[in-house]
Amino acid sequence: VCLCGTPVLAQAPASTPAATPSALAQGVQPGDNAAQAMSTTLDSASSAVKSGANPYGLRVAWDQGDVVTRTTLILLVLMSLLSWYVILAKLLEQRRQTAQALAARTAFANADSLQKGAAALQKDSQFKYLVDSAMEALRKYESLAGQVEVGAWLSQDIVRNVGTLQMRMQSGLSILATVGSTAPFVGLFGTVWGIYNALITIGSTGQASIDKVAGPVGEALIMTALGLAVAVPAVLGYNWLVRRNRVALHSVKGFGSDLHTLFLIEIEKGQRVSNRSDV
């Protein structure tokens with residue numbers, strides 16, 4: 001038996017496949033708790049590696065999360081969508097306003113009178129709104145019987161309309177400021193809730209092993225990352241749009257000043273013509 005068994009034992013390591021974590025786990029005695037925990041961890045790790053799935057990802061946090069966790073995730077997603085919508089909408093609006101400013105300068109540079117310049121502007125142009133309002137103010141000035149100077153009257157109307165356009169340009173930016181300031185705290189709330197669930201798991205099971213607390217702690221870290229991912233684009237977009245608004249507002253104020261000058265020149269020309277006709 002010894003003579004026949006020796007070659008078989010010598011060939012056994014070459015023919016037997018490499019030991020796996022599951023094979024190691026089968027050789028563990030039932031009474032050895034530490035060895036059983038190690039074998040279970042090795043089995044779960046090997047199965048996760050073989051399947052290629054992340055056992056502590058965002059999908060798992062959604063599937064295993066409670067009402068508070070899912071509500072926090074939905075709130076962060078809605079805040080992110082709202083901030084990106086405001087950024088894109090304001091960007092398109094500012095580009096349209098830049099094109100309207102260029103068209104307004106070109107129209108009044110090539111026009112012989114204010115009426116022709118106003119007619120060359122688009123109906124939805126903000127600069128046409130300034131011109132039409134100033135013309136309406138000039139028509140109302142005739143009923144004042146010279147109680148107010150025409151230059152001051154036109155200047156007051158133009159400044160008021162420029163302030164109205166400034167308020168329109170700033171609309172929506174408060175949403176970005178709100179999202180940028182509150183999203184980190186919403187993510188922090190999710191982080192605190194995840195750590196709270198981890199502590200409950202440790203207290204109920206009496207074990208602080210990594211497989212017991214990895215899920216809740218991973219959920220807490222995901223909430224923190226999502227809160228920062230929502231807040232950072234909102235803050236950057238807010239600062240960028242505010243700077244672009246300042247440039248656009250400067251062009252509107254410049255056009256208003258030029259418009260005031262053109263109106264005074266037009267009024268002076270009209271007065272000269274009337275004086276000549278009287279003579």
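Helices α5 and α7 are oblique to each other, because their angle of about 50° falls in neither the roughly parallel range, under 35 degrees, nor the roughly perpendicular one, 65 to 115. Please keep in mind that this is a predicted model.

**Where α5 meets α7**
- Helix α5 covers residues 67–110 and helix α7 covers residues 126–141, and their axes lie 8 Å apart.
- On the α5 side, the contact is made by E93, Q97, Q100, A101, A104 and F108.
- On the α7 side, Q126, F127 and V131 take part.
- Sorted by class, this contact has five nonpolar, three polar and one charged residues.

**Where α7 meets α8**
- Helix α8 spans residues 150–170, and α7 packs with α8 at an angle of about 150°, with axes 9 Å apart.
- The crossing of α7 past α8 is right-handed.
- From α7, the residues in this contact include Y129, L130, A134 and L138.
- Their partners in α8 include W153, L154, I158 and L165.
- By class, the contact of α7 with α8 has 12 nonpolar, four polar and two charged residues.

**The chain as a whole**
- How many helices and strands does the protein chain have? There are 10 helices and zero strands.
- The protein chain has 279 residues, and 31% of them count as buried.
- Looking at contacts between residues at least 6 apart in sequence, 72% join residues at least 24 apart.

How values were computed: Residues are numbered from 1 along each chain as its sequence is written. This is a predicted model: local features need pLDDT of at least 70, side-chain atom pairs count only at pLDDT 80 or more; totals for chains, interfaces and linings use all residues. Side-chain values use heavy atoms; hydrogens and water are left out. Axes are lines fitted to C-alpha atoms, for helices over the stretch in contact, and angles run from 0 to 180 degrees between N-to-C directions. Helices (H or I, at least four residues) and strands (E, at least two) are DSSP runs, numbered from the N terminus. Angles under 35 degrees count as roughly parallel, over 145 as roughly antiparallel, 65 to 115 as roughly perpendicular and the rest as oblique. Contact means heavy atoms within 4.5 Å. Ala, Val, Leu, Ile, Met, Phe, Trp, Tyr, Cys and Pro count as nonpolar, Asp, Glu, Lys and Arg as charged, and the others, Gly among them, as polar. A crossing is left-handed if the near helix is turned anticlockwise from the far one by less than a right angle, and right-handed if clockwise. Buried means under 20% relative accessible area, exposed over 50%, partly exposed in between (1.4 Å probe, protein chains only).
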